[in-house]
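The exercises that follow are to be worked with the sequence and the coordinates side by side. Each one sets a task and then gives a solution in steps.

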Amino acid sequence: MPTSLVVGANRGLGLEICRQLLQRGERVIAVCRTPNPELARRGATMISEVDVTNPEHVRRLAGEVKSIQLDWLLHNAGLLTAESLAELDFDRMLNQYQVNALGPLRVVHALLGNLSAGAKIGIVSSRVGSLGDNASGGNYGYRMSKAAVNMAGVNLAHDLRARGIAVLLLHPGLVATDMTAGRGIQPAVAARQLIEQMDELCMQRSGAFWHAEGYPLPW
Ligand SMILES: NC(=O)c1ccc[n+]([C@@H]2O[C@H](COP(=O)([O-])OP(=O)(O)OC[C@H]3O[C@@H](n4cnc5c(N)ncnc54)[C@H](OP(=O)(O)O)[C@@H]3O)[C@@H](O)[C@H]2O)c1
């Protein structure tokens, strides 16, 4: 039975990804800050009180999954606090960098021992982090942090290639979650598409930035 570890599992897109993986009969390790009783009821292993910005929390997570081989490591946790040029808040921008850019790298680094040849890493980034696709400005902290995680993902793809571990940066589309105040496609649709991309991920595609609908995005 494949084992997936999903970070940011308690609500929004992450919750829906966990639901669908469990529905396929797979083993899910659901990592979050606040536990979601529904996931535990459905059979997920819940590891809670993990803030991805906190080195101690991530070390504890690594300790709790120490002996488990992961087929998928899906880092979905993310934070959007919109800063315009007129209202730049550098502390909030730094916080988004901690969550969106350093968080995935911190978690992947801590769990490298759980990944072997054939394992797949999915990092939920955003099209908003694309330099080439930026047609509107704004959202300084979010855009910059997602651009940074794209670089981390490409670096990981290079560094893990020899070990046979593939890395994919994913844009889920505009999804109706708390982050978008309910605007966008249903999380169930986005989760299904994102899981499809993970299913299809192979070493040839490692290091790509992909729309969950199934096409590459500009950096
Ligand atoms: N929704 C969209 O349209 C859209 C578009 C493009 C990309 N994305 C990306 O998709 C991912 C999921 O977004 P969503 O729409 O599902 O957002 P959401 O409903 O706001 O959920 C965000 C998730 O991230 C977790 N999280 C935030 N900060 C964290 C931290 N410091 N440590 C651990 N977990 C943390 C949250 O946990 P808590 O409940 O503890 O806060 C929650 O589980 C994010 O990476 C987001 O940037 C979303």
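**Exercise 1.** Which polar backbone atom is 2.8 Å from an oxygen atom of the ligand?

*Solution.* The model is a predicted one, in which local features need pLDDT of at least 70 and side-chain atom pairs count only at pLDDT 80 or more, while totals for chains, interfaces and linings use all residues. Residues are numbered from 1 along each chain as its sequence is written, and side-chain values use heavy atoms, with hydrogens and water left out.

The backbone atom belongs to N76, at 2.8 Å from a ligand oxygen. Turning to side chains, an N or O atom of R11 is 2.6 Å from an oxygen atom of the ligand, and a polar atom of K146 lies 3.0 Å from a ligand oxygen. The ligand exposes 890 Å² when taken alone, of which the protein buries 94% (Shrake-Rupley method, 1.4 Å probe).

**Exercise 2.** Identify the central members of the largest nonpolar core, and follow one of them to its contacts.

*Solution.* A nonpolar core is a set of buried Ala, Val, Leu, Ile, Met, Phe, Trp, Tyr and Cys residues joined through side-chain atoms within 4.5 Å. In the largest such core, which has 32 residues, L5, L61, L73, L111 and I121 touch the most other members. The largest share, four residues, comes from α5.

Leaving aside neighbours within four places in sequence, L111 is in contact (heavy atoms within 4.5 Å) with L5, L61, A62, V65, L70 and L73.

**Exercise 3.** Is E49 buried or exposed, and what does E49 contact?

*Solution.* E49, found in the loop between β3 and α3, is exposed, with a relative accessible area of 55%. Beyond four places in sequence, E49 is in contact with C32, R33, H57 and R60.

How values were computed: Buried < 20%, exposed > 50% of the residue type's maximum accessible area, 1.4 Å probe, protein only. Helix = DSSP H or I, 4+ residues; strand = E, 2+ residues; numbered from the N terminus. Polar contact = N/O pair within 3.5 Å; in protein donor to acceptor, adjacent residues only side chain to side chain.
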